[in-house]
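User: I'd like a close look at a single spot in this model and at how the rest of the chain is arranged around it. Take your time and keep it chatty.

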Amino acid sequence: MQINYNLKPASERRTQQFKPETNVGFGNLRTDHMFLMDYRDGEWRDPRVVPYGPFEMAPGAMALHYGQSIFEGAKAFMHDDGEIYTFRLNKNAERLNLSGEVVCIPPVPEAMQLAGINALIDVDRLWFPMQDGACLYIRPFVFATEDRLSVSPSQQYTFCVMLSPSGAYYADGFDKAIRLLITERFHRAVSGGTGASKAAGNYAASLRAGKAAAEYGAAQVLYLDANNKQIEEVGAMNHFHVLKDGTIIIPKFTDTILKSITSQSIMELGEALGCEVRQETVMLDQFIADIESGEIVEAGGFGTAAVVSPVGSYIFEDHRVLTVGDGQVGEHTRRIYQVLTDIQKGKRQGPEGWMQKVERVAP
Ligand SMILES: Cc1ncc(COP(=O)(O)O)c(C=O)c1O
């Protein structure tokens with residue numbers, strides 16, 4: 001794929017490695033450029049790296065009206081050799097197309113996605129923030145641009161990638177366990193719907209539930225299935241729990257649960273983590289009983305942003321609180337976090353192909 005580079009003049013670009021003095025937070029910053037590619041007449045064309053900035057888009061662009069829009073989230077890390085490495089980006093590229101299938105967005109060939117993302121990171125590599133636990137958060141997304149008021153698949157799209165230099169997610173250490181609201185009032189997904197897709201509308205639909213959680217002093221909602229019988233997801237993370245023998249259980253992937261790349265990585269690591277990791281249908285009643293009896297000792301969420309979010313307690317709508325173990329971050333949760341983040345930072349050898357170096361090819 002021939003990528004065109006229309007770069008900012010050197011005087012307007014970062015010329016030295018970014019060395020922020022305070023934690024830059026997650027998702028707040030942008031780099032100098034973005035990657036764009038358009039879909040017209042049945043093919044992706046004009047791949048280019050251009051200055052980061054506003055899009056020109058028709059008010060009738062279908063993404064704005066009918067929400068035909070999908071996204072991904074991945075990370076790149078700087079290793080001790082000073083090079084930048086992406087983490088399992090091929091899995092994100094594959095999932096973008098699974099998301100697209102659900103909302104009738106044509107596939108973006110994986111090789112094109114990977115080439116575009118690598119080109120962008122390469123150009124903006126000086127934006128990697130030099131601080132402990134930092135990453136470049138990668139946000140690829142596709143949205144419908146055709147100017148047509150009709151609920152039908154758009155014939156035109158834009159694929160865009162932007163980067164966000166981000167600081168350590170747990171700036172004050174990995175010590176705080178969150179609380180989740182268990183509610184029958186809100187649902188994230190139904191079978192036959194869009195739950196297994198990173199479709200933008202799923203996240204708009206989750207905002208109301210997030211607000212309700214905050215009213216209970218909870219960080220997020222624990223989403224149940226539409227019949228309120230099974231545990232599905234946590235906000236924008238997969239859910240997990242740990243049995244007292246150390247076994248990690250993740251709800252079985254269905255068409256209402258996003259196939260988390262973090263969860264898949266933990267399942268693939270299995271033995272390296274020193275415990276069994278398996279997927280099951282998790283019934284809410286049994287889950288509660290097992291926490292009460294002490295059979296379940298830890299719980300949490302898996303996702304790219306936080307990697308692991310320990311859950312210390314659940315709250316019900318009648319304000320009853322269910323504490324997991326001693327309510328603190330448990331040893332298994334800590335180990336999972338440590339192993340996965342060590343692999344990402346290049347401190348520990350991960351499975352073949354997980355970390356891919358961003359080559360230096362920019363003009
Ligand atoms: C609904 C939902 N579930 C789970 C996840 C975690 O997936 P991953 O580990 O690939 O980030 C995400 C975030 O991408 C999400 O939005």
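Which residues does Val 277 touch, not counting residues up to four places away in sequence?

Analyst: Val 277 touches Ile 248, Ile 266, Met 267 and Gly 270, once you skip residues up to four places away in sequence. Keep in mind that this is a predicted model. Val 277 sits in strand E14, which covers residues 277-280. Is Val 277 buried or exposed? It counts as buried, because 20 other C-beta atoms lie within 10 Å, and the cut-off for buried is 20 or more. For a sense of scale, take Leu 29: Val 277 is 248 residues from Leu 29 in sequence, and the two are 35 Å apart in space, C-alpha to C-alpha.

Next stop, Lys 198. An unreviewed UniProt entry annotates Lys 198 as "modified residue: N6-(pyridoxal phosphate)lysine". Lys 198 is found in the loop between strand E9 (178-182) and helix H4 (200-205). Lys 198 counts as buried because 24 other C-beta atoms lie within 10 Å. Leaving aside neighbours within four places in sequence, Lys 198 is in contact with Ile 70, Phe 71, Glu 72, Ser 99 and Leu 258.

The contact between them uses 20 residues of domain 1 and 14 residues of domain 2. On the domain 1 side, strand E4 (69-71), strand E5 (74-78) and helix H2 (89-102) each give two or more residues, and H2 gives the most, with 6 residues. The domain 1 side divides into 9 nonpolar, 6 polar and 5 charged residues.

Then there's the largest nonpolar core, with 89 residues; Phe 35, Ala 76, Leu 120, Leu 136, Leu 180 and Leu 222 touch the most other members. Strand E7 (residues 135-144) supplies the largest share of this core, 7 residues, and the core draws at least three residues from each of domain 1 and domain 2. As for Leu 120, its contacts beyond four places in sequence are His 33, Met 34, Phe 35, Val 49, Val 161 and Leu 163.

Arg 88 has a positive phi near 50° though it isn't glycine, and it sits in the loop between strand E6 (84-87) and H2. Arg 88 counts as buried because it has 24 C-beta neighbours inside 10 Å. Asp 46, in strand E3 (residues 43-51), is another non-glycine residue with a positive phi, near 60°. Asp 46 counts as exposed because it has 12 C-beta neighbours inside 10 Å.

Methods: Residues numbered from 1 in each chain as written. Predicted model: local features only at pLDDT ≥ 70, side-chain atom pairs only at ≥ 80, totals over all residues. Core = buried A, V, L, I, M, F, W, Y, C linked by C-beta atoms within 7 Å. Helix = DSSP H or I, 4+ residues; strand = E, 2+ residues; numbered from the N terminus. Domains from an automatic or database assignment. Contact = placed C-beta atoms within 7 Å. Nonpolar A, V, L, I, M, F, W, Y, C, P; charged D, E, K, R; others polar. UniProt positions renumbered as here; feature names shortened; annotations may be inferred.
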